[in-house]
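Please look over the chain shown here before reading on. The briefing below goes through it topic by topic.

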Amino acid sequence: ADFFRPAFEAFDNRAAIRWFESELGVPLAHERGGRIFPASGRAWDVAEALAAWARRSGAEVRCLAPVSTLWLADGGVRGVVLESGERLEARAVVLATGGVSYPTTGSTGDGHEMADAAGHRIEPLRPALVPLEVAVPGGLKGLMLKNVELSLLVDGTVAERRFGEMEFTAEGIAGGAIVLQVSRTAVDALIDGRRVELSVDLKPALSVEKLRNRIGREIEALGGDTPVKILLQKLLPTQLRSVIARAAGLSLSAPAGELTERERERLATILKGWRFAVRDYRPFTEAIVTAGGVDL
Ligand SMILES: Cc1cc2nc3c(=O)[nH]c(=O)nc-3n(C[C@H](O)[C@H](O)[C@H](O)COP(=O)(O)OP(=O)(O)OC[C@H]3O[C@@H](n4cnc5c(N)ncnc54)[C@H](O)[C@@H]3O)c2cc1C
């Protein structure tokens with residue numbers, strides 16, 4: 001934070017918003033969670049406005065001219081050397097080559113080698129804001145869970161907690177806002193060889209006791225002969241029914257009225273903390289940002 005403070009003091013989020021709207025002519029829309037997007041919904045409007053502003057300010061933009069190395073001389077940086085062999089001399093060089101995530105966007109990480117060559121220390125690179133590979137049964141692909149509370153457990157202890165949306169993007173892969181938010185801590189813990197788990201509270205608005213009472217009321221309303229499957233339909237998205245029944249040790253075809261107190265308690269407990277292991281994290285190609293890099 002100390003490293004970034006002077007930059008943000010000089011030009012903070014409000015200044016950036018004003019700059020885009022009044023100087024660059026890009027009206028902005030404010031979305032949930034304090035996120036700002038171009039009102040047009042087109043990222044291209046932002047890119048074009050920035051490029052036009054750079055040209056107006058006297059910048060010469062060289063496209064398709066990758067830099068191969070920094071031009072280092074006399075213990076300092078004298079400019080850059082392009083892949084074509086051309087040397088560009090400069091009073092100062094700003095290295096802004098991005099991380100290594102989503103390399104198709106052009107950021108392949110060669111900037112780290114340049115910084116390293118110039119004597120900077122490079123912290124290990126890890127994917128961040130990245131989906132996680134989780135040990136859940138199949139059939140959850142496309143399942144979106146809204147208004148759930150997610151806890152990240154490291155060696156059995158809660159390390160982070162987030163409320164919001166998560167989804168199962170493919171078999172055994174969890175993504176969505178709250179998973180991405182806890183992923184950085186999860187990735188570091190996995191690298192350290194620690195035990196990482198996720199626990200999802202599917203009913204964050206209810207205590208275990210209130211949930212147990214609700215289960216009782218649902219059974220009463222449905223009639224005791226109704227199978228557990230129908231009871232779970234009242235409480236859960238369809239895709240989760242058999243997963244939760246298995247986790248709670250319940251048979252979907254058993255009559256709900258025959259659930260013992262202990263089984264109801266177990267079901268309520270699982271709904272409040274459906275827990276599964278995190279096996280791994282997805283690669284850089286799927287990470288929104290890179291953690292690590294030039295040591296601040
Ligand atoms: C799918 C996705 C969604 C995202 N959504 C959001 C969002 O909603 N909000 C948000 O704030 N952030 C978002 N991000 C993150 C954001 O895009 C990055 O944090 C940001 O772009 C990083 O900026 P940068 O200037 O450091 O690097 P980059 O934007 O990666 O720019 C680096 C540039 O350097 C160029 N380059 C690399 N090597 C060389 C070389 N050798 N010679 C010449 N040029 C070179 C690259 O071509 C690239 O143009 C998202 C990222 C992804 C992948």
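**A pair of strands and the barrel around it**

In β10, A174 is the bridge partner of F168. This is a predicted model, in which local features need pLDDT of at least 70 and side-chain atom pairs count only at pLDDT 80 or more, while totals for chains, interfaces and linings use all residues. Residues are numbered from 1 along each chain as its sequence is written, and side-chain values use heavy atoms, with hydrogens and water left out.

**Strands**

- Strand β9 (residues 157-170) pairs with strand β10 (residues 173-175) in the antiparallel sense over 3 bridges, where two strands pair if DSSP finds at least two bridges between them.
- A barrel is closed by 6 strands in the order β7-β10-β9-β8-β11-β12, with antiparallel pairing.
- From one strand to the next, the twist averages 50°.
- Strands of a sheet pair through backbone hydrogen bonds, either parallel or antiparallel.

**Helices lying across the strands**

- Helices (H or I, at least four residues) and strands (E, at least two) are DSSP runs, numbered from the N terminus.
- Helix α5 (residues 177-191) lies across β7 (132-134), β8 (144-154), β9, β10, β11 (196-201) and β12 (274-281), and runs at about 120° to β9.
- Helix α9 (residues 261-272) lies across β11 and β12, and runs at about 110° to β11.
- For these angles, axes are lines fitted to C-alpha atoms, for helices over the stretch in contact, and the angles run from 0 to 180 degrees between N-to-C directions.

**A buried loop residue**

- L143, in the loop between β7 and β8, is buried because its relative accessible area is 3% (buried means under 20%, exposed over 50%, and partly exposed in between, with a 1.4 Å probe and protein chains only).
- Not counting residues up to four places away in sequence, L143 touches M166, E167, F168, P237, Q239 and L240, a contact being heavy atoms within 4.5 Å.
- L143 and T169 are 26 residues apart in sequence and 7.4 Å apart in space, C-alpha to C-alpha.

**Two residues with positive phi**

- Most residues other than glycine have a negative phi.
- L64, in the loop between α3 (43-56) and β3 (67-73), has a positive phi of about 50° although it is not a glycine, and L64 is exposed, with a relative accessible area of 88%.
- Y102, in the loop between β5 (87-89) and α4 (110-117), has a positive phi of about 45° although it is not a glycine, and Y102 counts as partly exposed at 41% relative accessibility.
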